[in-house]
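Hi,

Here is the structure I promised to pass on. Please open it first, then read my notes below.

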Amino acid sequence: MRLAISEAQASKAEGNKGYGAALVMGSEIMATAHDTAVTERDPSLHAEVNAIRQAVRKLGDANLCGAVLFSTCEPCPMCASLGVWANLTSMVYGVSIATSAQMGRSRICVGASEIVERSPAMIEVIGGVLEQECMPLYTN
């Protein structure tokens, strides 16, 4: 999660929105990334999307079974759905969508757990990891 936090800080420094992600498979860090939607002018370039794309390229396979995605904020519906299609084993996040929305972030208030529950996947979703360290990223 600390790698994801570093990525989120880099995101903010570049003028993006301050989201970070890291993807780990076994003991190997497959990817670290941050959102680039603002600087790349592409609304799909969330931190989780960028990390999953990096990991898939590195692995040479779209099946990320066994991988854990760490994100500073709960994956949005798009990112959680991508986690389903990539066959992630776990999604771990710091700040929840609900909390970030209360802090003034514009969010689609559908949690990652709800996306996973409605999917054919069996993905473990764990929230609140290093939440207090992630919170300052989302205060306006």
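Keep in mind that this is a predicted model.

Start with Ile-52. Setting aside neighbours within four places in sequence, Ile-52 is in contact with Leu-23, Leu-64, Leu-69, Leu-82, Gly-83, Ala-86 and Leu-88.

The largest nonpolar core has 35 residues. Ile-52 is among those that touch the most other members, along with Leu-23, Leu-64, Leu-69, Leu-88, Met-91 and Tyr-138. Which elements give two or more residues to this core? The helices are H1, H3, H4 (77-85) and H6 (112-117). The strands are E1 (20-25), E2 (28-34), E3 (67-73) and E4 (90-95). H3 gives the most, with four residues.

Next, the largest pocket. About 350 Å³ of space lies in it. The lining has 18 residues, and the closest to the pocket's centre are Lys-17, Tyr-19, His-46, Ser-106 and Arg-107. Helix H2 (37-40) and helix H3 (47-59) each supply at least two lining residues. By type, the lining has ten nonpolar, two polar and six charged residues.

Last, look at Ser-11 in helix H1 (residues 2-14). Is Ser-11 buried or exposed? Its relative accessibility is 0%, so Ser-11 counts as buried; the cut-off for buried is under 20%. The Ser-11 side chain makes a polar contact with the side chain of Asp-35, at 2.6 Å. Beyond neighbours within four places in sequence, Ser-11 is in contact with Asn-16, Lys-17, Gly-18, Tyr-19, His-34 and Asp-35.

Best wishes

Note on methods
Residues numbered from 1 in each chain as written. Predicted model: local features only at pLDDT ≥ 70, side-chain atom pairs only at ≥ 80, totals over all residues. Heavy atoms only, no water. Buried < 20%, exposed > 50% of the residue type's maximum accessible area, 1.4 Å probe, protein only. Polar contact = N/O pair within 3.5 Å; in protein donor to acceptor, adjacent residues only side chain to side chain. Contact = heavy atoms within 4.5 Å. 1 Å grid on protein atoms, 1.4 Å probe; cavity = no way out; pocket = protein on both sides within 12 Å on 5 of 7 lines; lining within 4 Å. Points joined across faces, edges and corners; volume = space filled by probe spheres on them. Nonpolar A, V, L, I, M, F, W, Y, C, P; charged D, E, K, R; others polar. Core = buried A, V, L, I, M, F, W, Y, C linked by side-chain atoms within 4.5 Å.
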